[in-house]
Amino acid sequence: MKQFIVTGMTCAACQARVEKAVGKLPGVKEVSVSLLTNSMGVEGDVGEADIIRAVEEAGYGAKPKNGTETQGNKDSGSAKLAAEEEALRDHETPGLVKRLAWSIGFLLVLMYLTMGHNMLGLPIPSFLAHNHLGLALTQMLLAIIVMYINRAFFISGFRTLFHGSPNMDTLVALGSSVSFGWSVYVFYKMTVMIAQGTPNADLMDIYHDQLYFESAAMIPALITVGKTLESLSKGRTTDALKNLMKMAPKTATIERDGKELAVDIDEVRVGDIFVVKPGESIPVDGIIVEGDTAVDESALTGESVPVDKSAGDSVNAATINLSGFFKARATRVFEDTTFSGIIRMVSDAAATKAPIARIADKVSGVFVPAVIAIAAVVFILWMAKGAGVVFALERAISVLVISCPCALGLATPVAIMVGNGMGAKNGILFKTSEALEYAGKVQIVALDKTGTITEGKPEVTDILPADGITKEELVTTAYLLEVRSEHPLAGAVVNMVKDPPCPAFPIVNWKALPGNGISAEQNGQALHAGSGKFIRTVCKMDPVMEREEKRLSEEGKTPLFFARAGKLHGIIAVADVIKEDSAGAVRELQNMGIEVVMLTGDNERTARAIGKQAGVDEVIAGVLPDGKEAVIRDLQKRGKVAMVGDGINDSPALTRADIGIAIGAGADVAVDSADVVLMNSRLTDVSAAVRLSRGTLKNIYENLFWAFAYNIILIPVAAGLYPGIRMNPMWGAAAMSLSSFTVCMNALRLNLFKVHDASHDHKMRHPASININKEEEKTMTKTLKVEGMMCEHCETRVKKALEGVEGVENAVADHNTNTAVVTLSAEVADDVLRKVVEDQDYKVLGVE
């Protein structure tokens with residue numbers, strides 16, 4: 001996406017005009033203009049020069065966010081960051097404050113003359129007392145000064161009017177100019193009357209009733225008050241992004257030729273060794289090669305609890321080294337760091353437009369011309385009724401100045417910006433405004449099992465020594481057998497042992513028996529490890545252990561058996577355990593009225609055991625990556641679906657879902673495929689993302705209601721349709737300013753939103769019951785009796801081998817039942833299925 005800074009926009013009509021102008025260019029696929037950040041994002045094959053020319057022809061200015069790219073140079077990482085910071089810096093407010101101060105100074109003098117003297121009888125200089133022409137001239141001069149100070153309204157307003165795209169400034173300029181023009185006419189009329197000898201009393205009536213110099217000055221001055229307050233509040237909505245950019249490290253200390261050198265962050269290269277001392281910010285992403293420390297990762301995850309790090313652990317840019325000294329090897333630098341990715345995501349989200357914003361944009365695009373037409377009609381109708389020029393003109397001017405397209409244009413982007421900022425603070429990154437809007441509308445959440453609901457790595461869950469065997473004896477035997485194995489389950493057993501035993505006698509004749517287990521010898525005694533089926537060939541299994549084997553299998557765990565000298569020592573169960581917060585996260589989603597479905601490629605028994613622990617509504621097992629994508633398509637027939645995953649195999653489903661949510665610690669391709677990224681890798685952040693989206697949407701609806709209601713109610717009041725109510729144009733200008741300010745301040749309330757507070761959750765309409773009967777979809781199935789499968793790793797090997805055969809749609813292997821069920825789209829010979837399984841060192845006993 002090409003990003004630009006757009007200058008000269010003052011309201012939603014300007015925004016719509018720029019979008020329309022750029023959108024007409026050949027090759028432009030999508031254009032999104034943000035009035036809030038004065039930025040524009042353009043997707044498509046179109047040159048920057050063409051885009052800038054189109055914006056300028058529409059009456060505005062534009063330049064690339066990174067200005068040197070137009071010269072063909074590539075900015076360094078820090079230069080681009082500086083360009084982003086510059087784009088977000090509040091250049092507008094200081095000028096507005098200065099303009100406001102001068103305006104108020106001269107306006108107070110003008111109001112003293114018009115209201116203080118005329119209405120309250122306050123004293124004025126003697127040379128103006130009873131000098132109506134002198135007073136009128138003084139008012140005119142003061143009005144000219146105030147209008148000149150606020151000339152930006154008139155330049156912008158009339159320029160856009162002549163370009164055929166009137167905006168809010170046009171309404172201000174017309175209202176003020178008409179008031180001033182009429183007053184000048186009355187002023188000259190007074191001079192003629194004086195020349196004709198008109199009595200002083202008649203001049204007094206004209207002076208009081210027909211001069212509007214104070215309105216001509218008050219209208220732009222009050223709008224400037226509103227614009228200043230609006231600018232201040234708009235500036236606060238980008239605070240989260242600006243604070244992120246300020247946290248970006250500027251320098252790094254690296255080792256070169258045995259010396260430590262302080263260099264600019266741009267000079268760090270992948271592979272460089274960098275040094276970080278206590279209290280310093282980590283400059284780039286890397287892997288620790290020396291030292292131990294605790295790191296504050298709140299900049300990335302929102303979590304304030306420090307994370308312990310040691311050699312081999314990864315560290316990220318912009319996190320803080322709290323305690324130890326360490327050295328690390330740079331793995332990602334410049335814009336490739338995780339932190340730069342966060343800034344880019346938040347910035348890109350600000351440059352995109354939520355679908356709900358387009359409603360206001362369409363209204364804003366026709367709003368100003370409609371208001372000008374209404375003001376003209378109001379003037380004509382009052383004249384036709386014989387109300388007089390003064391009254392009719394006052395009504396028309398009031399309609400012009402009270403109408404506010406700004407509130408409509410700001411209703412959505414200010415809330416979106418604050419919502420995105422709150423998400424970033426809490427480690428929830430919405431890549432687009434559309435993602436922030438749709439996340440709150442999901443009805444079904446599909447969760448990947450491995451790494452999302454579970455930890456994603458096997459852990460020991462049960463240690464069950466046999467009768468007469470101590471726990472220490474069982475663990476020692478298990479460790480001595482498994483420490484040499486490369487099997488994933490062996491790693492879980494080895495990692496469990498904190499203090500590795502030092503055997504008195506060495507292990508000899510160690511052998512891995514594919515499909516069965518391990519055999520070895522120690523001090524003349526035979527040692528064995530493996531599945532229940534294998535262990536029964538070397539020792540007797542007592543009924544208690546058999547019952548435990550069945551129980552563990554039903555719980556989705558893999559029981560590993562160990563024996564010494566022909567005697568069973570016991571069982572160690574291994575499983576991919578669920579995360580601590582998984583069950584709570586599922587309950588929170590269900591309390592929001594969201595149906596939770598678990599998708600996994602694992603066997604049915606393991607999947608259902610995990611699903612029961614997590615409390616999900618539906619479990620769908622034995623699903624391939626493209627199968628997950630197909631299930632998502634089926635779920636979408638019943639409602640909006642969010643898919644949550646972390647692996648490469650989840651990418652198709654993440655892309656297919658209405659909202660793809662990636663666990664931040666997962667594979668890069670999963671993060672790239674997702675719409676929302678959870679930096680904490682915490683499942684409760686899924687409900688937090690939904691909650692934040694709903695809160696932001698509620699805020700947008702409140703803003704839109706206020707913006708529409710304001711215009712619907714007050715335009716008729718300004719037009720004089722309510723008997724007995726006569727609005728002065730000055731009060732119309734004040735109301736106009738207040739509406740934009742109110743919208744911005746309401747959006748800022750989102751900064752107080754508690755994303756993890758579930759006490760106010762409410763249920764949306766629950767989707768129709770989800771019942772995907774996979775058996776009905778099967779055309780042909782065959783069941784293979786497979787000998788030698790011991791664990792989920794074995795299941796995966798058999799599954800992949802079978803699914804590589806042409807005509808096999810899906811395969812579900814289960815080591816507990818020693819079966820592999822294949823779904824066929826075409827006839828496949830039994831011998832073909834048998835061969836691919838036996839090529840993986842497993843034995844097929846039969847095919848049914």
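The count comes to 22 salt bridges in this structure, which is a predicted model.

Glu588 and Arg691 form a salt bridge, with their closest N and O atoms 3.2 Å apart. Glu588 sits in helix α22 (residues 582-591) and Arg691 in helix α27 (residues 684-719), so this pair ties together parts that are 103 residues apart in sequence. Arg691 counts as buried, at 5% relative accessibility.

Next comes a helix-to-strand pair. The side chains of Asp830 and Lys782 meet in a salt bridge at 2.7 Å, N to O. Asp830 belongs to helix α31 (residues 830-838) and Lys782 to strand β27 (residues 780-787), so the pair links parts that are 48 residues apart in sequence. Asp830 is partly exposed, with a relative accessible area of 32%. Lys782 is buried, at 13%.

Some bridges share partners. Asp462, Glu548, Arg551, Glu555 and Lys557 are joined in this way into one network.

Another pair is Asp685 with Arg682. Asp685 is buried, at 0% relative accessibility, while Arg682 is partly exposed, at 22%.

| Salt bridge | N to O distance |
|---|---|
| Glu588 and Arg691 | 3.2 Å |
| Asp685 and Arg682 | 3.2 Å |
| Asp830 and Lys782 | 2.7 Å |

Now the cysteines. A disulfide is a covalent bond between the sulfur atoms of two cysteines. A search of the whole structure finds 0 disulfides. Cys539 counts as buried, at 9% relative accessibility. Cys794 is also buried, at 5%.

Terms used: Residues are numbered from 1 along each chain as its sequence is written. This is a predicted model: local features need pLDDT of at least 70, side-chain atom pairs count only at pLDDT 80 or more; totals for chains, interfaces and linings use all residues. Side-chain values use heavy atoms; hydrogens and water are left out. A disulfide is a pair of cysteine sulfur atoms within 2.5 Å. Buried means under 20% relative accessible area, exposed over 50%, partly exposed in between (1.4 Å probe, protein chains only). A salt bridge is a side-chain nitrogen of Lys or Arg within 4 Å of a carboxyl oxygen of Asp or Glu. Helices (H or I, at least four residues) and strands (E, at least two) are DSSP runs, numbered from the N terminus.
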